[in-house]
Amino acid sequence: MKIASALFCLGAAMCASPASANHLASAALQAAPAAASTTPATRNLPVYRINPGDELEINVWREDQLQRTVKVLPDGSISFPLVGSIQGAGRTTKEIEQFISAGLAGKYVDGNVPDVTVAVRNPAGLQFSVIGKVKSAGTFTPGRYVTLLEALTLAGGTDEFASLDSIVIIRKTDGGLVTIPARLSGILRSKSISAEAVRAIPMIESGDTVIVP
């Protein structure tokens with residue numbers, strides 16, 4: 001079923017520009033009814049896991065020779081002095097800190113390793129693709145986690161023939177590809193949006209492909 005053109009492109013504001021679409025999303029959140037306002041439309045963002053292509057800043061306290069900015073290689077590994085190769089992809093920064101600390105423990109006589117900190121300096125590896133009936137299909141590197149609504153904003157919004165209730169996210173998992181269906185027409189069409197509906201908008205993960213039929 002085709003949706004009326006006034007509802008396409010994630011609303012008329014989104015058709016104008018990605019910036020306008022961001023304003024649309026903000027306005028939609030503000031339009032939540034008073035009854036729902038008592039329940040904040042917040043959500044816990046998933047813990048960021050390192051991706052190939054990310055740039056990491058690694059520091060060992062008071063050890064200038066162990067300060068490094070490294071890029072995660074295509075195979076997911078990084079190299080660090082005195083520790084060697086580390087599998088970084090799929091791990092959190094805290095997990096990499098623990099791995100480096102364990103690798104350095106034998107290098108100190110008392111085993112007291114200085115504090116190790118790992119930060120994602122440039123999350124260039126967090127990429128996803130949007131294809132189908134959108135204005136600007138392609139691969140995007142937002143540098144942060146985004147929701148499905150924001151992903152469509154980055155793609156310029158949907159075109160007039162898009163079915164907003166048949167969107168599918170294809171995600172790579174250890175067990176293979178999985179499909180995540182999504183419905184957005186109710187959110188974009190409603191004058192009052194509940195906090196529950198906002199929290200139900202899927203988050204995009206690295207490697208996802210969003211298909212807009």
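Visitor: Which residue has a side chain joined to that of Ser-163 by a polar contact?
Guide: Happy to start there, with the note that this model is predicted. Ser-163 sits in the loop between helix H5 (148-154) and strand S9 (167-173). Its side chain makes a polar contact of 3.1 Å, and the partner is Ser-166.

Visitor: How is the aromatic pair of Phe-128 and Phe-140 classed?
Guide: Two aromatic pairs are found in the model. For Phe-128 and Phe-140, the centres are 5.8 Å apart and the planes make an angle of 35°. Stacked needs planes under 30 degrees apart and edge-to-face needs over 60, so the class that remains for this pair is tilted.

Visitor: How many residues apart in sequence are the parts that this pair ties together?
Guide: Both Phe-128 and Phe-140 are buried. Phe-128 belongs to strand S6 (residues 128-132) and Phe-140 to strand S7 (residues 138-140), so the parts tied together are apart in sequence by twelve residues.

Visitor: Which residue takes a positive phi in the hairpin of S3 and S4?
Guide: Let's look at the strands to begin with: S3 (residues 77-80) and S4 (residues 84-87) run antiparallel and are joined by four bridges. Within this pairing, Ile-78 stands opposite Ile-86. Three residues lie between the strands, and the one with a positive phi near 70° is Leu-82.

Key. Residues are numbered from 1 along each chain as its sequence is written. This is a predicted model: local features need pLDDT of at least 70, side-chain atom pairs count only at pLDDT 80 or more; totals for chains, interfaces and linings use all residues. Side-chain values use heavy atoms; hydrogens and water are left out. Two strands pair if DSSP finds at least two bridges between them. Helices (H or I, at least four residues) and strands (E, at least two) are DSSP runs, numbered from the N terminus. Rings of Phe, Tyr and Trp (its six-membered ring) pair if their centres lie within 6.5 Å; planes under 30 degrees apart count as stacked, over 60 as edge-to-face and the rest as tilted. Buried means under 20% relative accessible area, exposed over 50%, partly exposed in between (1.4 Å probe, protein chains only). A polar contact is a pair of N or O atoms within 3.5 Å; within protein, one must be able to donate a hydrogen and the other to accept it, and residues adjacent in sequence count only if both atoms are side-chain atoms.
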